[in-house]
Amino acid sequence: MKNIDTLISELDEILKIYNSIEYHKLQSPLNSDVLHFYFNKLNIENKSFESLYKWKNGEKENEYCQMMQYGGLLSLEESIKLKENYLEGCVENIFIPIISDGEQILLFNNNRSKNYGRIYLYSVPLLYIEKPISCFDSLETMIITIVESYKEKAYIYDEKERWLNIDSEKIKLIAKKNNKKSAYWKEHDPLYWEDWYEI
Amino acid sequence: MQLDVGAFVNVADQVAQEVANNQLKSQINGQMTTIGVGQGGQEAKNINQNTQTPSTPPIFWEEEGFPDIEYWDNEYADLVQFDPLKVRYDNKYPNHRFLVLHYLGNLGSREDKNNDAMKTNKGNLADRSKQKGNIDRHEVPYASTIEGGKNALTFPASASQNQAHGRALFQFYRKHHFIGGEEFWVPLPKYSQKRIPVPSAQPNLIPRSKPIGGYPGQGIGNLISDFIKWLTGKRIRLPDPIPAPIPSPVPVPIPFPR
């Protein structure tokens with residue numbers, strides 16, 4: 001697998017080509033001191049996570065970035081706010097929100113003892129609320145999946161409508177191939193979390 | 001706001017498709033139960049014989065615990081109130097009307113429906129409910145139902161109520177062992193008895209329904225279920241050990257002419 005910095009460069013290129021309108025809703029990274037202040041606040045020490053936020057500090061304030069089907073990269077400030085307010089008492093404290101569309105959230109598992117670095121889906125409309133489901137094996141495989149989805153036209157940005165159209169069948173195939181450990185892409189009954197909940 | 005009424009016609013087809021798929025799936029997996037449209041009503045009768053007729057499907061009475069969500073669901077019901085496929089009435093509940101929904105088992109379709117609903121409603125107030133912590137985007141009909149999708153409306157609702165409503169809905173589906181295609185009703189006050197609008201972003205007044213990590217008595221059920229799965233390789237659906245109580249509606253006496 002390519003290293004995280006190469007993957008982030010690919011993502012940057014792909015977004016500029018296929019989704020430049022949403023790309024410009026992302027903001028420049030924070031300076032090193034502030035970045036580390038927030039990393040400490042989130043209690044995270046992860047090279048991939050840090051590289052992601054050295055690339056961009058998520059969406060600009062009051063902007064929605066449709067980077068993928070679950071929304072755009074959250075700024076570190078938003079991530080902390082979500083974790084401390086919205087998700088407090090709802091999901092386990094080990095999760096750090098990284099991507100959201102305002103309703104569904106991708107969560108980074110910061111628990112070093114089990115499935116560290118795996119990405120989980122929290123979704124009120126899909127009813128993964130108290131029990132988020134594993135969705136991407138790692139940040140790396142999540143980026144690979146996003147890049148491939150643009151290349152395979154599973155994501156097509158409609159510039160006139162300003163909307164990211166998704167082909168969920170194609171995405172499922174791409175995601176399943178790149179995220180073999182994640183439960184979401186396998187056959188499962190969402191109501192019976194005993195069969196798929198990993199935390 | 002415009003609704004694509006024509007698309008509702010497809011709901012019956014989708015229900016039939018969901019049920020057929022699940023019956024086939026059940027036969028393949030050798031599951032013990034197959035629940036089709038209408039059979040859910042029998043379950044509901046078994047649970048609460050005093051309040052529901054045999055023809056009444058399960059009713060999601062928990063809805064009444066979430067006034068903010070109920071208010072927006074009622075707004076949607078106003079728009080579709082003259083369509084008997086979408087809103088029903090029952091003589092047993094003179095103060096209620098019921099939103100008719102069908103559980104959607106197919107996850108891929110749920111994602112599509114959620115995306116369609118967001119696209120249809122893009123730019124509305126709920127879509128701008130970015131400042132998290134207080135406001136959530138509530139979608140009705142729900143993404144977990146066949147009726148959801150591009151015909152759904154989204155509204156800004158109290159985040160805590162939206163989350164808790166989702167949890168209650170999850171428990172409701174689970175309690176009735178839904179697989180896909182089953183009809184259920186969401187009780188709403190009749191038009192004349194609508195409640196005063198509840199402003200969004202209320203403080204969290206609704207306690208979390210269940211603690212993270214399990215429910216009282218669930219452990220034994222899980223052990224049995226896991227053991228059977230270990231023996232047979234199949235998950236058998238056991239009834240929840242302690243079913244959540246269904247709050248019975250208080251009947252309003254109808255004045256009798258003397």
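**Reading a helix and an interface**

Author: Welcome! In this predicted model, the buried residues of helix 1 of chain A are A:Ile4, A:Leu7, A:Ile8, A:Leu11 and A:Leu15.

Reader: Which exposed residues are on the face turned away from the buried side of helix 1 of chain A?

Author: That face carries A:Thr6, A:Ser9, A:Glu13, A:Lys16 and A:Ile17. As for the buried residues, their cover includes helix 2 (20-23), helix 4 (47-55) and helix 6 (139-151) of chain A.

Reader: Now to the two chains. How many residues of chain B are in contact with chain A?

Author: In general, the size of an interface is often given as the accessible area lost when the parts come together. Here we can count contacts instead: 32 residues of chain B are in contact with 28 residues of chain A.

Reader: Where does the largest share of the side of chain B that touches chain A come from?

Author: From helix 5 of chain B, with nine residues. Helix 4 (107-120), strand 3 (135-140) and helix 5 (159-175) of chain B each supply at least two residues of that side.

Reader: And what is that side of chain B like by class?

Author: The side of chain B touching chain A has 14 charged, ten polar and eight nonpolar residues.

Terms used
Residues numbered from 1 in each chain as written. Chains lettered and ligands numbered in written order. Predicted model: local features only at pLDDT ≥ 70, side-chain atom pairs only at ≥ 80, totals over all residues. Contact = placed C-beta atoms within 7 Å. Helix = DSSP H or I, 4+ residues; strand = E, 2+ residues; numbered from the N terminus. Nonpolar A, V, L, I, M, F, W, Y, C, P; charged D, E, K, R; others polar. Buried ≥ 20, exposed ≤ 12 C-beta atoms within 10 Å, placed from the backbone.
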